[in-house]
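Here is a short briefing to read beside the model. Keep the sequence and the 3D view open as you go.

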Amino acid sequence: MILYDYILSPSCYRVRLLAALIGRRLDLWAVDVHPGQEHLSEPMLALNPAGTIPVLTDDGLVLTESTAILTYLAAHDAPAWLGEDTAAMRARVAQWLAFAQRLTDSAGAARAHDMLLAPGDIDALRGQATQALRELEAALSAGRRRGESFLAGNRPTIADIACFPHVALAPDGGLPLDPYPSIRLWMRAIRALDGFIEMPGIHRLHELKPEPGPMPEVIRKEQA
Amino acid sequence: MGMMGAACSDPCASAPTPDTGDTVPTDWTPAALSDDIPVASAAPGQLGPHDLAIWRSASGRIAAWADRCPHRGMRLSHGFVRGERLSCIYHGWGYGEGGQCVRIPAHPELTPPEAIRVPVFSVAEASGVIWVAEEAPDGPPPEFPGVVAFRSLQVSAAPEALAAALGGTGTVIETVLGGAQVVALIQPLRGGAAGLHLLAPEGSDPAALDALSAEVEALRRRVEAAEEMTA
């Protein structure tokens, strides 16, 4: 599988993150989005006329929507990540995949406005993003009351991976996450998953690794 | 403790309103719910003009510190907890009891000077709520029998407007919301906003709590819409 990828793209990170979590090796093809505008080059437009990334190709299959790519990777290698195989749970996952697009269009667009000088009505974008973040917070707090840490029950699914990047990077778009305790705990749960990988702006949980070296008094005792 | 100097004169100290039956005066300010800051984690908070890093050690000790690493000013609430220390995410400087710096990873053999110390605020937990203050108040924060911590929300409206919508004044309002007897704790936030820390009846079933959650979201919409009209 080839992933046409850009390191700073949250949507590409969705795919890299899921692949890392399920142990799927991808051949990464770095697209020079900035400053090269390579995603709008003839060869890339031939692959994806929409001119967006990520793009995933596998044999004859070409996928250009990151949530569809998540669905494909999970179905291919790790179906548990699709969510429990019930009507309600499958719909719940689909609901959050669509919600992830709202995050891209609001929090993602606010971030692009602030960081990449992309056009947009920043107040309107932040208003839409705040509404989405409040919905997410309410849903996650309802889940916590039932002992659930993730969006579709007690195990992570592609729903969590789809929503996570634009939420974690929301502060880049002038949207602090301070008001959302359940979102903070949910992001911790995702960052604590085995195989979690970082992207610029989203760091790992350092506390999961042991202290690098002993405390000063121990060092001095050893030296004495 | 209260190392930040003079007692604050801004809205972080709640005005006592003894003539209101449903309002309990307290010198503490509600800052978060205990369940929202589990062991070995840190979260941002506010107290008047101060940004706080509220964190819980591996042994369960809660602390509220200035949210600023003395080294380079990074927010300590972005940091990480190992054992009984909070470390800065930027260069890993580790701080222990009383905000004292105890470890500088780039100088592993150095015992950090005493001057490298994070300002510490008073903090106490009661009824599942984390309360903070600049100067240690005379008594403990209030206890509320029969209710348990439910949700914290931020409301883009003045604390007074939120209190009025809940039918009270000040920091602590005991009221009925969506048919449930609740305790609403109101925290003044910067930028004309308010924190609402809600306590719900003990033993409520999930459906009742979902209904209460929807009720408080609706209340927030009403208060914010009214605030926008007057703005």
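Residues are numbered from 1 along each chain as its sequence is written, while chains are lettered from A and ligands numbered from 1 in the order in which they are written.

- A:Q37 sits in the loop between β2 and α2 of chain A. Helices (H or I, at least four residues) and strands (E, at least two) are DSSP runs, numbered from the N terminus.
- The phi angle of A:Q37 is near 55 degrees, a positive value in a residue other than glycine.
- A:D59 has a positive phi too, near 50 degrees, and is not glycine.
- A:D59 is placed in the loop between β3 and β4 (61–63) of chain A.
- A:D59 is exposed, with 6 other C-beta atoms within 10 Å.

**Cis peptide bonds in chain A**

- The bond between A:H34 and A:P35 is cis, with omega about 5 degrees. A:P35 belongs to the loop between β2 (27–30) and α2 (42–47) of chain A.
- A cis peptide bond also runs from A:I53 to A:P54, where omega is near 5 degrees. A:P54 lies in the loop between α2 and β3 (55–58) of chain A.

**Annotated domains of chain A**

- UniProt lists "domain: GST N-terminal" (unreviewed entry) at residues 1–81 of chain A. UniProt positions follow the numbering used here, feature names are shortened, and annotations may be inferred rather than shown by experiment.
- Residues 1–81 of chain A are 38% helix and 19% strand, and their end C-alpha atoms lie 19 Å apart.
- For residues 86–212 of chain A, UniProt gives "domain: GST C-terminal" (unreviewed entry).
- Residues 86–212 of chain A are 60% helix and 0% strand, with end C-alpha atoms 45 Å apart.

- Why is α6(A) largely enclosed by the rest of the structure? Eleven of the eleven residues of α6(A) are buried.
- The buried residues of α6(A) include A:I158, A:C163 and A:H166.
- The cover over the buried residues of α6(A) includes α1 (10–22), α3 (66–77), α4, α5 (122–145) and α7 of chain A. Two residues are in contact if their C-beta atoms, placed from the backbone, lie within 7 Å.
- The axes of α6 (residues 158–168) and α7 (residues 181–191) of chain A come within 11 Å and cross at roughly 120 degrees.
- A:D160, A:F164, A:V167 and A:A168 of α6(A) make this contact with A:I183, A:M187 and A:I190 of α7(A).
- The contact residues of α6(A) and α7(A) are six nonpolar, no polar and one charged. Ala, Val, Leu, Ile, Met, Phe, Trp, Tyr, Cys and Pro count as nonpolar, Asp, Glu, Lys and Arg as charged, and the others, Gly among them, as polar.

**A residue in helix α4**

- A:R102 is part of helix α4 (residues 87–116) of chain A.
- A:R102 is partly exposed because 18 C-beta neighbours lie inside 10 Å.
- A:R102 and A:A132 are 30 residues apart in sequence, yet their C-alpha atoms are 7.4 Å apart in space.

**Chain B**

- Chain B has two helices and 15 strands.
- Of the 231 residues in chain B, 43% are buried.
- UniProt places "domain: Rieske" (unreviewed entry) at residues 28–132 of chain B.
- Residues 28–132 of chain B are 0% helix and 44% strand, and their end C-alpha atoms lie 6 Å apart.

**Where the chains meet**

- Chain B gives 23 residues to the contact and chain A gives 22 residues.
- The largest share of chain B's side, five residues, comes from α2(B).
- Chain B's side divides into eleven nonpolar, five polar and seven charged residues.

**Confidence**

- The model scores ipTM 0.92 and pTM 0.92.
- Chain B has a mean pLDDT of 90, and 89% of its residues reach 70 or more. pLDDT is the predictor's confidence in each residue, from 0 to 100.
- Over residues 1–22 of chain B, the pLDDT is below 50. Where pLDDT is low, the predicted coordinates should not be read in detail.

Conventions:
Predicted model: local features only at pLDDT ≥ 70, side-chain atom pairs only at ≥ 80, totals over all residues. Axes fitted to C-alpha atoms, helices over the stretch in contact; angles between N-to-C directions. Buried ≥ 20, exposed ≤ 12 C-beta atoms within 10 Å, placed from the backbone.
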